[in-house]
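Please look through the sequence and the structure below before reading on.

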Amino acid sequence: SSSSSSSPSSAIPFFYVYKPSPSFRKSDPGVPAYQVLVCSYLCPVPSLDAIFQQIEDGTSLSVAGLTESKLMAAVVSSGSVALYELFDASIPDLTHPITSII
């Protein structure tokens, strides 16, 4: 099951996606398995900062759900859809030698 927001045009369109469950109720669906934002191939995927700002503004996605559900981007191009998992990551500092413990 899924549902979408009815938010301003500047907001990032998104859907909540739930796994099949015999206990699913529209009135109390629980935490979504995925929160999927939709964007065009011609436009860049919004930054995590922009996504989190929209969450803080209350216009998109569920801040509570982000701790328990995956954030995905659906990039649409000419009828094809590619899904990407979004997460905050950092690149390791490779300027210092890596030592291993044996």
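## Order of the elements

In what order do the elements of the chain run from the N terminus on? They follow the pattern β-β-β-α-β-β, so that one helix and five strands are found in the chain. The model is predicted, and the description below should be read with that in mind.

## How the strands pair

Strand β3, which covers residues 34-40, runs parallel to strand β4, residues 70-77, and seven bridges join the two. Within this pair, Y34 stands opposite K70 of β4.

Strand β4 also pairs with strand β5, residues 80-86, but here the sense is antiparallel, again over seven bridges. In this second pair S77 has S80 of β5 as its bridge partner. The two strands β4 and β5 form a hairpin with two residues between them, and in the turn S78 has a positive phi of about 50°.

## The two sides of the helix

Helix α1 spans residues 48-57, and its buried residues are I51, Q54 and I55. Viewed down the axis of α1, these buried residues fall within an arc of 105°, and therefore they line one face of the helix. On the other side of α1 lie D49, E56 and D57, which are exposed.

What, then, covers the buried residues of α1? The cover includes β3, β4 and β5, which are the strands whose pairing was described above.

## The nonpolar core

The largest nonpolar core consists of twelve residues, namely I12, F14, Y16, Y18, L37, C39, I51, I55, L71, A73, V75 and L86. At least two residues of this core come from each of β2 (14-17), β3, α1 and β4, and β4 gives the most, with three residues. Two of the buried residues of α1, I51 and I55, are also members of this core.

## The chain as a whole

The chain has 102 residues, of which 25% count as buried. It exposes about 7,600 Å², and carbon and sulfur atoms supply 58% of that area.

Contacts can also be sorted by the separation of their residues along the sequence. Among contacts between residues at least 6 apart in sequence, 48% join residues that are at least 24 apart.

Methods. Residues are numbered from 1 along each chain as its sequence is written. This is a predicted model: local features need pLDDT of at least 70, side-chain atom pairs count only at pLDDT 80 or more; totals for chains, interfaces and linings use all residues. Side-chain values use heavy atoms; hydrogens and water are left out. Two strands pair if DSSP finds at least two bridges between them. Helices (H or I, at least four residues) and strands (E, at least two) are DSSP runs, numbered from the N terminus. Buried means under 20% relative accessible area, exposed over 50%, partly exposed in between (1.4 Å probe, protein chains only). The arc is that of the directions from the helix axis to the C-beta atoms. Contact means heavy atoms within 4.5 Å. Accessible areas come from the Shrake-Rupley method with a 1.4 Å probe; for residues, only the protein chains shown count as cover. A nonpolar core is a set of buried Ala, Val, Leu, Ile, Met, Phe, Trp, Tyr and Cys residues joined through side-chain atoms within 4.5 Å.
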